Amino acid sequence: MLRYIYGHELHAFPKLREDMFRDRADQFKSRLGWAVNVDETGAERDDYDDQNPLYVIWEEPDGSHGGSMRFLPTTGPVMVNDHFAHLTGGARIASPRIWECTRFCLTRGAGAHVAAALMLGGGEIMQNLDVDHFVGVFDARMVRIYRMIGSSPEVLGSQGAGRDRISVGLWQFDPAAKAAVAQRAGVSAQLSRQWFDLSFGANHEENLARTG
């Protein structure tokens, strides 16, 4: 199932929290060789985890982490502005209706449905928290994954070639795209909304105000 958890709420989900940060270290440090910080517990965290982001987490039936993404509004500190503005010609992206998506992480052995379910969770955020677009930086390996899921971005700028190519992308999520991603995830629209409501209830605007 999908869970939507703000940073200040992670303490209530210790297994998911610990698994997520360890799986991030495994993916980004061990498998991809990124220059990320891993602490003595084997967890990968950065300064943006201290900004009270909204995490979308796929929870496996045994309560473990299957995959996750991290979201922050671009009105505050975000990676695309702080570290990758050269990919957009120096133009800053800042709007309460554009959120940045980072740390797209899949546990080793995660099925294709997990990646699609995470994207579906992004669609629920757009639909229910007054977000028009997501922006994010991605590398060449993600192009195939996005295409497979059925949610490819508009590319705003790129640098490099081949496997070293990195890009800034902008995502929209209309009803047709949501339906396609839901089908890929094997999750009905009704169940997807049920999971969202389980996390937020009727207090969508109150939770939105907590971010940033």
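Q: Why does Trp171 count as buried?
A: Buried means under 20% relative accessible area, exposed over 50% and partly exposed in between, for a 1.4 Å probe and protein chains only; Trp171 has a relative accessibility of 8%, so Trp171 counts as buried. Tyr146, with a relative accessible area of 6%, is therefore buried by this definition too. The model is predicted, and local features need pLDDT of at least 70 while side-chain atom pairs count only at pLDDT 80 or more, although totals for chains, interfaces and linings use all residues. Residues are numbered from 1 along each chain as its sequence is written, and side-chain values use heavy atoms, with hydrogens and water left out.

Q: How many aromatic pairs does the rule give?
A: The rule pairs rings of Phe, Tyr and Trp (its six-membered ring) if their centres lie within 6.5 Å, and calls planes under 30 degrees apart stacked, over 60 edge-to-face and the rest tilted; the count comes to 11 aromatic pairs.

Q: Why is the pair of Tyr146 and Trp171 edge-to-face?
A: The ring centres of Tyr146 and Trp171 are 5.2 Å apart and the planes stand at 80°, so the pair is edge-to-face. This pair links distant parts of the chain, with Tyr146 in helix α4 (residues 141–149) and Trp171 in strand β7 (residues 166–171), 25 residues apart.

Q: How do you know that the charged end of Arg45 sits over the ring of Phe21?
A: A charge sits over a ring if NZ of Lys or CZ of Arg is within 6 Å of the ring centre and within 35 degrees of the ring normal; the charged end of Arg45 is 4.7 Å from the centre of the Phe21 ring and sits over it. The charged end of Arg103 likewise sits over the ring of Phe28, 5.2 Å from its centre.

Q: What is the packing angle of α3 and α4, and what is that arrangement called?
A: The two helices pack at about 80° with their axes 10 Å apart, where axes are lines fitted to C-alpha atoms, for helices over the stretch in contact, and angles run from 0 to 180 degrees between N-to-C directions. Angles under 35 degrees count as roughly parallel, over 145 as roughly antiparallel, 65 to 115 as roughly perpendicular and the rest as oblique, so α3 is roughly perpendicular to α4. Contact, which means heavy atoms within 4.5 Å, is made by Ala112, Ala115, Ala116 and Met119 of α3 and Tyr146, Met148 and Ile149 of α4.

Technical notes
Helix = DSSP H or I, 4+ residues; strand = E, 2+ residues; numbered from the N terminus.
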